[in-house]
Amino acid sequence: MEKLVQIKGVSVNFYTYEGVVRALNNLTLDIYRGETLGLVGETGCGKTMTAFAILRLIMPPGKIESGSILFNPNGSESVDLLQLSENNIRAIRGSKISMVFQEPGNALNPVYTIGDQISEVILLHRKGEMISRAIADIDSIEGLPGNRWGMLSSYFRRIQRYLLKKIQSNPEARLPLIVQKIPLARRLFWRLNSEAEKTALHMLKEVDIPDAQRILGYYPHQLSGGMKQRAVIAMALACSPKFLIADEPTTALDVTIQAQILELLQRLKNEFNSSVLYITHDLGVAAAICDRVGVMYGGSIVELAEVNELFVTPLHPYTRALLAAVPRPGEEPMPIPGYIPDPTDPPPGCPFHPRCSLARDICRLERPELREVSPGHLISCHVDTGESIDSPSQN
Amino acid sequence: MTALVRTKNLKTYFPILQGIIRRPVGYVKAVDDISLDVAPGQWLGLVGESGCGKTTLGKTILRLIEPTSGHIYFDTPSEILEQIESAEAEADQCKLKPLYHAHDLAAFSGGKLKVLRKDMQLVHQDPFSSLNPRMKIKDIISEPMIVHNTVSGEERLSRSAELMKLVGLSEKHLPRYPHQFSGGQRQRIAIARALATTPKFIVFDEPTSALDVSVQAQILILLKELKQKFNLTYLYITHALTVAESVCDSIAVMYLGKIVEYGEPGAIFKEPMHPYTQALILSTPIPDPQRKRGRLVLPGEVPSPSNPPPGCRFHPRCSRATDVCAQTEPPLELRGQNRKVACWHPLV
């Protein structure tokens, strides 16, 4: 399979007053075309930081220290997202790679309508398409036989057409930019906005929002959590991205609504033929929708495998402990002793060793490398867990 | 059956006020006609989606929210409960009034309520906002003792230290501030504070929903230990059916201010009777890709509790709904041993 994104040895540090927080520690991860990759882990393990690093959204005092993120959108040449200029990464954000955030209430601007917010994305990344559609719209009106359009409105339409053509030939053209700054005169571009709104309406229908035409004019506070999340998903998919990052999109929702959203995401992923990086802390959700799952701890991947393999034969002690901690019908949850280590002062060696029942001397000294134990199954652990955990249970 | 806590036809309505004179134009029926028994030593799980009124019910039982109507009995001897019931059957107001006055928690006020408050405590959902950031842990834990005047002076500190050890923290944490602790540790502090007055009954309002699974399991096991040690009774409010299933003795499922199903967790999981319970079970993801169950996606969303649908409140989203469901509300009926369902067309 082809690799869409290759994350190689990325480290992210936050320089705070309390000390250096190592949010990502030499993270290496490949995402294939058309797959859903799940990232699971507890709070503070660096799941969201991975997403932010891919989109270069890390703000000071955070800093990407090293590594590279190769993105290969159309199979020809790959670009290193970390080397791109700010303008180039902006063109990628929201169009080729887009993101669905955890809290739909915070991801939407409360003072703009849903329609405005989706149109904004479309006008930013698909302006050319919208302009040619608006021009075609004007031409179709003028071309109608026997249409008795008045002198004045035809004159206005000609100006509109002229301005749109001007942007089409040169997006940086000065005249349209000046016109857009002048009140009233900027209304000459209304066709552009209405085309964007039409596309927004289409997107809202795509995400199964009932009565989409009315919802277009609603403000975020008028919608329920599930509806807001649908609107955010519509916004993220407005430019049919190659790569969608979903950062705990259903954590704030109820289980019945969560089931609806998961089904929607799966359908849209197939429809738009994109890859999804699904970040979640809920192992059940990861099992339900992912093709491969990576488990994170202390800023790096500790285990990565196909979904069936990971949940049936987990190899890393942390994955096993995490699975045992999930309450299931008829089983007692088993807690993991201790707490997540302080990120400013991580333990030396393997980050999990203070809580690990299999820890040996080498775990306290050396950080384990990610190694492949069987095809497609990677773990980072010094202990050969395949035998050591199974044997006591057999005795 | 003896009951430590019994609610009878409990209703909590929040008025929707409008206009200059703030006159009520409608009511949000958060808790609508709920009769529930919690036996001594029981761990009752209250499960439902957000907005179904589970938190309001928990807080109304503690009288932190005023009930609109109905009765709450707390730790009332069973003879008196029988007396009240027989008087209610006769509708004898002369007998009932003094009985309500003496035993109905919903009618208590002032000092009488304060005495009872010592026996019932609440642990909040979010440990980040339920602890005062300007108070030291020792002050947080000893405050209930000061309010109820149970332990005085030097003894308070030693009692606080004892409580900290009970919840798995150490004495040296006492002079610290809440921000120095992680989420799981803060929830432990909140539990220690709830235990400070040696209560009989504790309401847990989603105590683990803000925590990670590994820490959640720690807290659940701690709760189990404490319950055995002090012979406590729990009302455990949660939105996660699997959590309730793994720890509770019995589960009550709520939908839009009503209890729709009640029973033992094993039985509810094996054969849910109410279609809503079934939908909840099937839409809860389980970390086992091999055991993917037939997923069931409920259409629509929870209707507004200010304007609930007529008849059965679940009927607009229910696949088994018929004309009866749209017209008459199903009563919560006993079906089988210790199992109650409010549905015209139960699944079993």
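How many helices and strands make up the secondary structure of chain A? Then show me the side of chain B that touches chain A.

Analyst: This is a predicted model, in which local features need pLDDT of at least 70, side-chain atom pairs count only at pLDDT 80 or more, and totals for chains, interfaces and linings use all residues. Residues are numbered from 1 along each chain as its sequence is written, while chains are lettered from A and ligands numbered from 1 in the order in which they are written.

Chain A has 17 helices and 12 strands. Helices (H or I, at least four residues) and strands (E, at least two) are DSSP runs, numbered from the N terminus. The C-alpha trace of chain A spans about 95 × 45 × 40 Å along its principal axes. Chain A has 395 residues, and 43% of them count as buried. A residue is buried if 20 or more other C-beta atoms lie within 10 Å of its own, exposed if 12 or fewer, and partly exposed in between, with C-beta atoms placed from the backbone.

Now the part you asked about. In chain B, 32 residues are in contact with 38 residues of chain A. Contact means that the C-beta atoms of two residues, placed from the backbone, lie within 7 Å. On the chain B side, two or more residues each come from helix 8 (213–230), helix 9 (241–247) and helix 11 (275–283). Helix 8 of chain B gives the most, with 6 residues. By class, this side of chain B has 14 nonpolar, 11 polar and 7 charged residues. Ala, Val, Leu, Ile, Met, Phe, Trp, Tyr, Cys and Pro count as nonpolar, Asp, Glu, Lys and Arg as charged, and the others, Gly among them, as polar.
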